[in-house]
Amino acid sequence: MTAENTMNSGPIAVSATGPRTGVRARGDALAVLQEFYAAEAAYIAAGGMGKASFDGLAGCLDPEVVMYQAPGLPYGGTWRGPRGIEEFMAAMSEAWQSLEFLEQRFVVDGDVVVVLNRGRLQARATGRILDTSVMQLITVKDGLITEIHPFYWDTIAVAEALHPR
């Protein structure tokens, strides 16, 4: 992993080949997100709600967390609180059987992080593989995720991968 910082108070760009696990320092936005992404991939691979523990994800979330998903997605809408995020993850796990992060790039500016995720997902119903990118604007305060705004590169490709022809 490399970090670039041209000014002491400016953003830090970090590139990684995948999520890292481990202990995070309170307030370390990058560590919180790496922990969250590792827990997300494990949760989806295990089958989601009722089949996997949500504790790893919940430990990264503020009690008032909000996620805004594109309305055109099968799991679109606004998801509030850890329970809402768990319901989102359940819907995501119903749609996808696996989520592999091929590359992640993080730009950290205080509490705000922009993450470019390039990944490979396999649809549960069709078995189709989708290689795609999702950019996320995430706010982390006091060591917990408070807001998540994902932006999908191609929502039509998502729908095509998930639905039988």
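**View 1. Surroundings of Leu33.** Leu33 contacts Phe106, Val113, Val115, Ile138, Val140 and Ile145, with neighbours within four places in sequence left aside. Contact means heavy atoms within 4.5 Å. The model is predicted: local features need pLDDT of at least 70, side-chain atom pairs count only at pLDDT 80 or more, and totals for chains, interfaces and linings use all residues. Residues are numbered from 1 along each chain as its sequence is written, and side-chain values use heavy atoms, without hydrogens and water.

**View 2. The largest nonpolar core.** This core holds 44 residues. Leu33, Phe36, Tyr75, Trp96 and Ile145 have the most contacts inside it. Elements giving two or more residues include α1 (29-45), β3 (61-69), α3 (81-95) and β8 (144-152). α1 gives the most, ten residues. A nonpolar core is a set of buried Ala, Val, Leu, Ile, Met, Phe, Trp, Tyr and Cys residues joined through side-chain atoms within 4.5 Å; buried means under 20% relative accessible area (1.4 Å probe, protein chains only).

**View 3. Two faces of strand β6 (residues 112-123).** Strands are DSSP runs (E, at least two residues), and helices are runs of H or I with at least four; both are numbered from the N terminus.

**View 4. Partners of β6.** β5 (residues 96-109) runs antiparallel to β6, joined by twelve bridges. Trp96 stands opposite Ala123. Two residues separate these strands in a hairpin, where Gly110 has a positive phi of about 65°. β6 and β7 (residues 129-141) pair antiparallel over eleven bridges. Pairing requires at least two DSSP bridges between two strands.

How values were computed
Buried means under 20% relative accessible area, exposed over 50%, partly exposed in between (1.4 Å probe, protein chains only).
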